[in-house]
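Subject: Structure handover and findings

Dear colleague,

I am passing the structure below on to you, together with some notes on what was found in it. Please read the notes with the structure open beside them.

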Amino acid sequence: MGDAFGPVPRSSFLRYWSASAISSFGSPVTAVAMPVLVVQFLGASPFEVGVVNAAQFAPYAVLGLIAGVYTDRWRRKPVLVWASVGRALCLGAIPVLWLVGQLQIWMLVLALLSFGTFSVFGFAATQSLLPRLVPRVRLVAANARLDQADAAAQTLGPAIGGGLVGLLGAPAVIVIDAISYLVDAALNASIRVDEPQPDSRTRNLRREIRDGLGWTYRHRTLGPLAVSTHMWFLANGAALTVLSLLALRSLGFTAFAFGMLLTVFGIASLLGASIAPWSGDRIGSGRVIILARIAFPIAWVIVTLAPATGVGHGFLFVALALQGLAAGVENSNDMGLWQALTPDELLGRANATRRSVNRTMAALGALVGGLCVGLIGERLTLIGVIVAFAAAAVIAASSPLRGTTGNA
């Protein structure tokens, strides 16, 4: 397997894929454990739930653009390895603090802020390394493989996580995610990839940031896609905050039932990721993204209409299935489009710029969502979520995306 950068052993992509799959398995376990830890173990208020949800995303607002510059300056494999080690240590601190009886909301927030800091560099590196492992014409398919592994992990992880939370308690379960990041680091360290020696010439940080911003927002196709995605993350940040409160408090979900809800999301995501390359080839990556963006507000209309009875549980499962299907089919087409259209020397900055704003918007959405639930209640907050998702769909549909493929 090789491309314009020279031959790359097929085993390198396999190790890269395996590292991603293993760390992805731990993440949905934490996705179940963390809300249970915050809502039930620590008795957080709605605003505190929003703060915790925002904490891991906040570093993107401060470090995202800088991380992109240094990801383009440095070799990406070492960045990816050390970012995974750092995330393992941050998550591992949470059960240790609980074990000694010292875990408090502010400590959890600090741990997640540190986790987010390592993630800023890790995600910039991982998205920028992939085009050196596969030919650019195969990026949608490669991203779909990664998405399939992630969706499969999300399918099994929440169910297992919900059961383990009930058996061992939420703090202990987070250890699984910490260990997965250590395995991730070891596998990525063994990858063989041809990365050029970093340019030792004096560089200008501001100019490099400006170049990354210019490519991200002035591009005829990628600019509107970036703005639509930012709006999507704002809506999704608020939506996930409301979802945990609605499911665990208003509708009385148990930890296992909440895990099963996320399992349904994972199954649907797996299905979406499986048909993503076919759908991109069939109608074009741009049209796939637009159709997926239209599906998201529909999913949250279903959540909003969920009655406070047992039937409401079914509404949430249907909504999360639709959300998962849309996310699965969209993501690899979205990533393939960015990786195909962006020059290698700008990939780190383009990826980090976009992710920086995305995660900032997610943090803002989580904070606003938690605040609004406390002030106006869950249902009215969900109406605002629907409007934001709809705005993201309109921006995408009004752009040149509909005529764009992932092999551009």
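This is a predicted model: local features need pLDDT of at least 70, side-chain atom pairs count only at pLDDT 80 or more; totals for chains, interfaces and linings use all residues.

Residues are numbered from 1 along each chain as its sequence is written, and side-chain values use heavy atoms, with hydrogens and water left out.

The secondary structure of the chain comes to 14 helices and two strands (DSSP runs numbered from the N terminus, with H or I over at least four residues for helices and E over at least two for strands). The radius of gyration, taken over C-alpha atoms, is 20 Å, close to the 22 Å that the globule rule (2.2 Å times the number of residues to the power 0.38) gives for 408 residues, so the chain is as compact as a globular protein of that length. Along the principal axes, the C-alpha atoms fill a box of roughly 55 × 50 × 35 Å.

For the helix pairs, axes are lines fitted to C-alpha atoms over the stretch in contact, and angles run from 0 to 180 degrees between N-to-C directions; under 35 degrees counts as roughly parallel, over 145 as roughly antiparallel, 65 to 115 as roughly perpendicular and the rest as oblique. Contact means heavy atoms within 4.5 Å.

Helix 2 and helix 13 (residues 344–376) pack at about 175° with their axes 7 Å apart, and are therefore roughly antiparallel to each other. In this pair, P46, F47, G50, V51, N53 and A54 of helix 2 meet A363, A366, L367, G370, L371, V373 and G374 of helix 13. By class, that contact has nine nonpolar, four polar and no charged residues (Ala, Val, Leu, Ile, Met, Phe, Trp, Tyr, Cys and Pro count as nonpolar, Asp, Glu, Lys and Arg as charged, and the others, Gly among them, as polar).

Helix 8 (residues 205–218) and helix 9 (residues 222–250) have axes 5 Å apart, at an angle of about 90°, and are therefore roughly perpendicular to each other. Here W215, T216 and Y217 of helix 8 meet L222, G223, A226, V227 and H230 of helix 9.

The axes of helix 10 (residues 255–283) and helix 11 (residues 285–304) come within 7 Å and cross at roughly 115°, which makes helix 10 roughly perpendicular to helix 11. S279, G280 and I283 of helix 10 make the contact with S285, R287, V288 and L291 of helix 11.

A search of the whole structure finds two cavities of 30 Å³ or more (a cavity being a set of points, on a 1 Å grid over the protein atoms alone, where a 1.4 Å probe fits but cannot get out, with lining residues having an atom within 4 Å of a point). The second largest cavity holds about 40 Å³ of space and is lined by P35, V38, V39, V49, V52, N53 and S244.

With regards

Definitions and conventions: On a 1 Å grid over the protein atoms alone, a cavity is a set of points where a 1.4 Å probe fits but cannot get out, and a pocket is an open set with protein on both sides within 12 Å along at least five of seven lines; lining residues have an atom within 4 Å of a point. Grid points are joined across faces, edges and corners, and a volume is the space filled by probe spheres set on the points.
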